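This report goes through a few local features of one protein chain. Keep the sequence and the structure in view while reading.

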Amino acid sequence: YNDALVLKDNKLKKITLKSGVQPYGLTISFEGFPFFGIWAARDANFVCLEPWCGIADSVTHDQLLEKKEGIQKIQPGESWSRHWSVELF
């Protein structure tokens with residue numbers, strides 16, 4: 001109800017959500033994402049499972065972009081990408 005559950009220094013490579021009533025579910029596969037967020041809107045009938053590369057600033061953050069937790073820095077001419085996939089069953 002208050003906020004997202006954020007897993008920091010994430011070592012997960014996949015996460016599975018299964019129904020307790022039906023034989024259905026999903027597996028999200030991902031690698032290289034240092035954070036994983038789990039959240040839902042208040043009283044929602046869904047849950048969000050999201051691999052993240054960065055997170056929102058804390059209330060005590062100094063608002064300097066270069067000090068943002070999880071900031072990804074690349075040099076001119078470099079490229080950066082991450083990939084994830086979802087398997088339904």
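Does Asn10 count as buried or exposed? The model is a predicted one. In it, Asn10 has a relative accessibility of 12%, and because buried means under 20%, Asn10 counts as buried.

## Asn10 and its surroundings

Asn10 sits in a loop, with strand S1 (5-8) on one side and strand S2 (14-18) on the other. Its side chain has polar atoms that lie by the backbone at two places. A polar atom of the Asn10 side chain is 2.9 Å from the backbone nitrogen of Leu12. A polar atom of that side chain is also 3.1 Å from the backbone oxygen of Phe33.

Which residues does Asn10 contact, once its neighbours within four places in sequence are left aside? They are Phe30, Phe33, Pro34, Phe35 and Phe36.

## The largest pocket

The largest pocket has a volume of about 220 Å³. How do the residues of its lining divide into nonpolar, polar and charged? Five are nonpolar, two are polar and four are charged. The lining includes Asp3, Lys8, Trp52 and Glu69. Ile55, Ala56, Asp57 and His61 are also among the lining residues.

## Lys68

Lys68 is located in the loop between strand S5 (48-52) and strand S6 (84-88). Its relative accessibility is 23%, so Lys68 counts as partly exposed.

Not counting residues up to four places away in sequence, Lys68 touches Ile55, Ala56, Asp57 and His61. A polar atom of the Lys68 side chain lies 2.8 Å from the backbone oxygen of Ile55. Lys68 and Phe46 are 22 residues apart along the chain, and their C-alpha atoms are separated by 30 Å.

Methods: Residues are numbered from 1 along each chain as its sequence is written. This is a predicted model: local features need pLDDT of at least 70, side-chain atom pairs count only at pLDDT 80 or more; totals for chains, interfaces and linings use all residues. Side-chain values use heavy atoms; hydrogens and water are left out. Helices (H or I, at least four residues) and strands (E, at least two) are DSSP runs, numbered from the N terminus. Buried means under 20% relative accessible area, exposed over 50%, partly exposed in between (1.4 Å probe, protein chains only). A polar contact is a pair of N or O atoms within 3.5 Å; within protein, one must be able to donate a hydrogen and the other to accept it, and residues adjacent in sequence count only if both atoms are side-chain atoms. Contact means heavy atoms within 4.5 Å. On a 1 Å grid over the protein atoms alone, a cavity is a set of points where a 1.4 Å probe fits but cannot get out, and a pocket is an open set with protein on both sides within 12 Å along at least five of seven lines; lining residues have an atom within 4 Å of a point. Grid points are joined across faces, edges and corners, and a volume is the space filled by probe spheres set on the points. Ala, Val, Leu, Ile, Met, Phe, Trp, Tyr, Cys and Pro count as nonpolar, Asp, Glu, Lys and Arg as charged, and the others, Gly among them, as polar.
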